[in-house]
Structure formats: C-alpha cells, structure tokens
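Please read this briefing alongside the sequence and the three-dimensional model. The points are grouped by topic, beginning with the chain as a whole and ending with individual residues.

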Amino acid sequence: MTGALAQRKRPGRCVVGGRSHGACGFTLVEVLVALAIVAIALTAGVQATLAMTRNAQRQTDTLLAHICAENELVKIRLAKQMPGVGDTTVACDQAGHALTVALAVRPTPNPNFRRVDAKVQDAADASGGSILTISTVVGRF
C-alpha cells in the first residue's frame, strides 16, 4: 500500500478514482466555453450600462426642457396681459444645452381664455422631434 500512496502523491500526476492520469488541468474546449460565457456576460453588462446612460441623458434632456417651457409659460402669466394669438420661437440655454421653445397661442371658445402650447426642441437636432410639450390656459387678468 505504501507504493500506491507514493504514486498518488507524485507531483505532476493526477489521480482520479484510484487511477493515475496525466497532468491535471483544463482542456482547450473547457477554456473556450468559459471564455464564451464571460464574453456573453460582459456584453450583457455593456448593453445594460449603455441603456442606463441613454436613460440618464433622456431624463436630463426632459428636465432641462421642462425648465425652459415652464419659464416661458411663467413669463406669459407674469405679463398680466392676454397673450396675442400666434406663434413665437424663443431660444433657451440650460446647463450648456441649446434648446428652442416654440410657443403657440390659440383662441378658445371663451374669449376670456387663450390656450398656450410650449413645445421644446433641441436646437442642434435637425429632425424636428420635440423633447417635451406643455399646454396651459391663460385667462384675462
């Protein structure tokens, strides 16, 4: 039995189930499978990070657009005059972002009120898509 113990403890040999094998280690296929799993996990992580980055940018754009639209609507309310019917465009810079606020004032069935729509767009975006639209009704003061 001492010969069997000496054989099992010999360095560089792998003993499995009482049988002596060559050197222990991973085969090339096992290493490739492990690398493929790690690559898939890393790809999923990168995509999740990109999605979170896009969401954060969209939230930032929406917040800045909301600030611009509210500023223009408050200006109209503070003027204490009935706004004239028509369209105007105002530039708005917030936190280094160039935005454009398109104000559309429309009459309502009641002549004492006007509907005001503030549509905010990215000034650099040529596609014309709006980031945010806010509507309100302004009354005679």
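## Overview of the predicted chain

Of the 141 residues in the protein chain, 20% are buried, where buried means under 20% relative accessible area, exposed means over 50%, and partly exposed lies in between (1.4 Å probe, protein chains only). This is a predicted model, in which local features need a pLDDT of at least 70 and side-chain atom pairs count only at pLDDT 80 or more, while totals for chains, interfaces and linings use all residues. Residues are numbered from 1 along each chain as its sequence is written, and side-chain values use heavy atoms, with hydrogens and water left out.

**Confidence**

- The mean pLDDT of the protein chain, pLDDT being the predictor's confidence in each residue on a scale from 0 to 100, is 86, and 83% of the residues score at least 70.
- Confidence in the protein chain is lowest in helix α1 (residues 2-8), with a mean of 51, and highest in α2, with a mean of 95.

**Architecture and surface**

- The protein chain holds two helices and six strands, these being DSSP runs numbered from the N terminus (helices: H or I, at least four residues; strands: E, at least two).
- Read from the N terminus, the order of elements in the protein chain is α-β-β-α-β-β-β-β.
- Where contact means heavy atoms within 4.5 Å, 39% of the contacts in the protein chain between residues at least 6 apart in sequence join residues at least 24 apart.
- The protein chain has an accessible surface of about 10,000 Å², and carbon and sulfur atoms account for 61% of that surface; accessible areas come from the Shrake-Rupley method with a 1.4 Å probe, and for residues only the protein chains shown count as cover.
- F26, L28, V31, L32 and L35 make a nonpolar surface patch of about 560 Å², patches being made of residues with over 30% relative accessible area and no salt bridge, with like charges joined within 9 Å and nonpolar side chains (Val, Leu, Ile, Met, Phe, Trp, Tyr) within 5 Å.
- Within this group, L28 is placed in helix α2 (residues 28-78) and counts as exposed, at 63% relative accessibility.

**Salt bridges**

- Side chains of opposite charge can pair when their charged atoms come close.
- A salt bridge is taken here as a side-chain nitrogen of Lys or Arg within 4 Å of a carboxyl oxygen of Asp or Glu, and by this rule the count comes to three.
- In one of them, the side chains of E72 and K75 meet at 3.2 Å, N to O; E72 and K75 are three residues apart in helix α2, and so are separated by about one helical turn.
- E72 is itself buried, having a relative accessible area of 8%.
- Another salt bridge pairs R106 with D87, with the closest N and O atoms 2.9 Å apart; because R106 lies in strand β4 (residues 97-107) and D87 in strand β3 (residues 86-94), the pair ties together parts that are 19 residues apart in sequence.
- R106 is partly exposed, with a relative accessible area of 35%, whereas D87 counts as exposed at 54% relative accessibility.
- D117 also forms a salt bridge, with R115, the closest N and O atoms being 2.9 Å apart; R115 counts as partly exposed, at 40% relative accessibility.

- D117 belongs to strand β5 (residues 113-122) and is buried, with a relative accessible area of 16%.
- The side chains of D117 and S135 are joined by a polar contact of 2.4 Å, a polar contact being a pair of N or O atoms within 3.5 Å; within protein, one must be able to donate a hydrogen and the other to accept it, and residues adjacent in sequence count only if both atoms are side-chain atoms.
- Leaving aside residues up to four places away in sequence, D117 touches A102, L103, A104, I134 and S135.
- T100, in strand β4, is buried with a relative accessible area of 19%.
- Again not counting residues up to four places away in sequence, T100 touches T89, V90, K119, V120, Q121 and A123.
- The C-alpha atoms of T100 and A65 are separated by 8.8 Å, although T100 and A65 are 35 residues apart along the chain.

**Positive phi values in loops**

- K80, found in the loop between α2 and β3, has a phi near 55 degrees, a positive value in a residue other than glycine; K80 counts as exposed at 59% relative accessibility.
- A95, in the loop between β3 and β4, has a positive phi near 55 degrees and is likewise a residue other than glycine; A95 is exposed, with a relative accessible area of 68%.
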